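Here are my notes on the two-chain model, as numbered points. Please read them with the structure open.

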Amino acid sequence: MLIDTKYLGKVQIEDEKIIQFESGLPGFNDETKFVILDIPGNELMQILQSIQTPDLAFIVTNPHYYYKNYTFKLDEPIIDSLNIQEEKNIVILAIMTIQEPFHLSTINLQAPIIINSKNKQAKQYILPYDQYEMKAAISFPMEEKGV
Amino acid sequence: MLILTRKTKEAIRIGEDIEISILGIEGDQVKIGISAPKSVEIHRKEIYDAIQVQNNEAAKLPKDIFTLFEKESEG
């Protein structure tokens, strides 16, 4: 199907690529269908684009790129609701809040997007403890100095 | 809003399968136990609200955001 997107104009997508957020995302509870789009020339980030609302799109990234030791335990309700059978089917993405200049951008580690790649069911999972920040930095003073 | 007064170890039942118990009170903190079906999501309100705000901020990026990436890579 052909969809209108926020950043990439009209894009042709395959129906089997559609990701279902059964209860939407916090703040967007009616938005249940999304697709992940690649950004030309950018391998680090992708776009989580709403199928229903062309203007709604999040920039997402693999949180492990910025935080190698990022780990958390999925609780039973989310494993059940996404019907996760095998760990290898789990895809984890973090929503980015892009700022200008770019190095001030943050990623939300407290509420990652969890996708079961097998059945394309997804959910924004709010970690039940405060181990990670929802505005985690993507650059660190050491890197800025060019060390 | 329905307002009920409960003592420690007393509980409230909501519908068929949700039970909220007052486990203890210490100063201005109340320890609450919640029994609910797995499908019912339970969050601390301020955290849920903050995630909503963060999602809204993340979704409000300008459409020309990619020129920003280009600018950075040139710089």
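1. How many helices and strands does the secondary structure of chain B come to? It comes to 2 helices and 3 strands. Helices (H or I, at least four residues) and strands (E, at least two) are DSSP runs, numbered from the N terminus. From the N terminus on, the order in chain B is β-β-β-α-α.

2. A word on the basis. This is a predicted model, in which local features need pLDDT of at least 70, side-chain atom pairs count only at pLDDT 80 or more, and totals for chains, interfaces and linings use all residues. Residues are numbered from 1 along each chain as its sequence is written, while chains are lettered from A and ligands numbered from 1 in the order in which they are written.

3. Chain A has 3 helices and 11 strands. Along the sequence they follow β-β-β-β-β-β-α-α-β-β-β-β-β-α. The C-alpha atoms fill a box of roughly 45 × 40 × 25 Å along the principal axes.

4. Burial next. A residue is buried if 20 or more other C-beta atoms lie within 10 Å of its own, exposed if 12 or fewer, and partly exposed in between; C-beta atoms are placed from the backbone. Buried residues make up 29% of the 147 residues in chain A. In chain B, 8% of the 75 residues count as buried.

5. Contacts follow. Two residues are in contact if their C-beta atoms, placed from the backbone, lie within 7 Å. In chain A, 49% of the contacts with a separation of 6 or more join residues 24 or more positions apart. In chain B, 0% of the contacts between residues at least 6 apart join residues at least 24 apart.

6. The largest nonpolar core has 33 residues, and Phe58(A), Val60(A), Ile95(A), Met96(A) and Ile113(A) touch the most other members. Such a core is a set of buried Ala, Val, Leu, Ile, Met, Phe, Trp, Tyr and Cys residues joined through C-beta atoms within 7 Å. Leaving aside neighbours within four places in sequence, Ile95(A) contacts Phe58(A), Val60(A), Ile107(A), Asn108(A), Ile113(A), Asn55(B) and Ala58(B).

7. Which residues of H1(B) are buried? They are Ile51(B), Gln54(B), Asn55(B), Ala58(B) and Ala59(B). These cover an arc of only 130° around the axis, so they sit on the same side of H1(B). The arc is that of the directions from the helix axis to the C-beta atoms. The buried residues of H1(B) pack against E6 and E7 of chain A. On the other side of H1(B), Lys45(B), Glu46(B) and Val53(B) are exposed.

8. The contact between the chains takes 25 residues from chain A and 21 residues from chain B. H2(A) gives the most to the chain A side, with 4 residues.

9. Glu16(B) lies in the loop between strand E1 (11–14) and strand E2 (18–26) of chain B. Glu16(B) counts as exposed because it has 6 C-beta neighbours inside 10 Å. Glu16(B) and Ala36(B) are 20 residues apart in sequence and 9.6 Å apart in space, C-alpha to C-alpha.
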